[in-house]
Amino acid sequence: MDDHPPSHDWDVIIVGAGPVGGHTANLLTKRGQRVLLLEEHNEIGRPFQCAGLVTPNAMKQVNLYDTILEEVDGALIHGPSGTLVPVGTGGTVRTYVVCRKLFDEAVVKQSMVSGATLWLNSKPISAETVDDRVNLTVSRDGQEVQISTKLLVGCDGAHSWTRRYFKMGRPKELMIGFQTEVVGYNNRKRWLEMYSGSEIAPGFFAWVIPSGNGSCRIGLWSTADRLEGRSIEECYHNLLNHPLWNDRFSDIRETARYCGPVPSGMVKKAYKNRVLLIGDAAGMAKPTTGGGIGPGFEQINGIVDKLSIAIDKNTLSEEHLKNIAKSHFEKMRKEQNRARSLRNLLVSDCEDEELDRNFEQFAKPEIIKLINQVGDIEKPVPLGLALIRKVPAFRKLALKAGMKLIFS
Ligand SMILES: Cc1cc2nc3c(=O)[nH]c(=O)nc-3n(C[C@H](O)[C@H](O)[C@H](O)COP(=O)(O)OP(=O)(O)OC[C@H]3O[C@@H](n4cnc5c(N)ncnc54)[C@H](O)[C@@H]3O)c2cc1C
């Protein structure tokens, strides 16, 4: 897979060939940079830890429609006591479900077609920033190799080596996600389902997502503190055995299961002298849905032109990177913080009784209409604010929301 002659000096070395690393490599290679991607596994797209939802906006950027397994028009959202809120419109695609293995492979392949180099079975062992470069010792197929680069980009996921090695802080929240792949769930075609309640997914939600050929992905996410000592599998079993819904799960047969982290809340400084963090490594997953592919793409898209010019000039000090990235990253961080505040207010910090009361409001036809009009999986803040402003029962939250938004 290595088309280039062996090289020790690169413009950009990207640690991690996931979707965000692959897309970053493609954008930079297309702008003329010599990019090396390091991937610690010996194949792309494994292990797989994702529900596979890719928004139309993110999909448009990579144009990988042939990796789609299902199109989804909306969500059937169940409150803790069973109140149903259907969000979406039949025939209007809200999101895609992809095969993550194919998707990740195809994103990385795009970068290679553009000219990037991929080293599988390779990971950094140590790094040192000198005047005009970062020198790296990399383990490649078990052999130590010395290479250097103008810019090191950490796209190495939730437990990012780059972030830890360069002491770049931590994402604000680390959610735990758990998922199984099953057959035998009788879902409504083109709709996903979401289940809530403190026994199932404390503070968050569980999902059932159609994944093609009669399969579904059943998963949930929460935080360690909200689980209060319970394992995430315990909550999964609570969902399967829930008196309101257990008949839906009675015929399922599991074909796979996985567990993984969801880092949300951008690290304070995603850049340092010649080092940049993008994607999960920087804590980019959305606090409301856990989706990390779209935000990772958006994070790099917003800076890539200026970044490429700076790589050409080799002006990549912390100050330079700050000038390039600060305003875009701050905007994204602020949006994440606001979304998290509203999520906590309306969902995550609510006891089941309160959540049930909120669901009774959500289920009113005029509110469903509002959700469908304003609701955008990409931009949850306007919806949260519209709900607080327009739903009389939520108005008492307005002051609290205002304070949280001001100080977020
Ligand atoms: C259960 C679950 C469900 C999810 N569902 C969705 C969803 O439906 N939609 C969505 O958008 N997001 C979802 N996410 C989040 C999504 O998986 C991530 O946000 C997304 O994969 C981030 O992409 P990334 O490229 O930044 O990181 P990753 O996909 O984690 O890729 C990082 C890459 O770096 C490699 N790597 C790591 N360390 C090193 C190292 N030291 N050296 C070399 N290589 C290294 C890894 O092997 C990997 O290939 C889900 C997460 C979980 C846990």
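Predicted model: local features only at pLDDT ≥ 70, side-chain atom pairs only at ≥ 80, totals over all residues.
Residues are numbered from 1 along each chain as its sequence is written.

View 1. Angles here go from 0 to 180 degrees between N-to-C directions, with axes being lines fitted to C-alpha atoms, for helices over the stretch in contact. Helices (H or I, at least four residues) and strands (E, at least two) are DSSP runs, numbered from the N terminus.

**View 2. Seven strands make an open, mixed sheet in the order β6-β5-β13-β14-β15-β12-β16.** Two strands count as paired if DSSP finds at least two bridges between them. At the edges stand β6 (84-88) and β16 (253-264), each with a single partner strand, so one side of each has no neighbour in the sheet. On average, neighbouring strands of this sheet are turned by 20° against each other, direction ignored. Zooming in, β13 (residues 191-195) and β14 (residues 206-210) pair in the antiparallel sense over three bridges, and M194 sits opposite W207 in β14.

**View 3. Helix α8 (residues 293-301) is mostly covered, with seven of its nine residues buried.** Buried means 20 or more other C-beta atoms within 10 Å of a residue's own, exposed means 12 or fewer, and partly exposed is in between, with C-beta atoms placed from the backbone. The buried set is I293, G294, P295, G296, F297, Q299 and I300. These residues pack against α1 (19-30), β3 (53-54), α2 (56-62), α9 (304-313) and α10 (318-348).

**View 4. The axes of α1 and α3 (residues 100-114) come within 8 Å and cross at roughly 20°.** The two helices are therefore roughly parallel to each other (the label covers angles under 35 degrees). On the α1 side the contact includes P19, G22 and H23, and on the α3 side F103, D104 and V107; contact means C-beta atoms, placed from the backbone, within 7 Å.

**View 5. N246 is found in helix α7 (residues 246-249).** Leaving aside neighbours within four places in sequence, N246 is in contact with L240 and N241. N246 and R217 are 29 residues apart in sequence and 16 Å apart in space, C-alpha to C-alpha.

Notes: Contact = placed C-beta atoms within 7 Å. Parallel < 35°, antiparallel > 145°, perpendicular 65-115°, else oblique.
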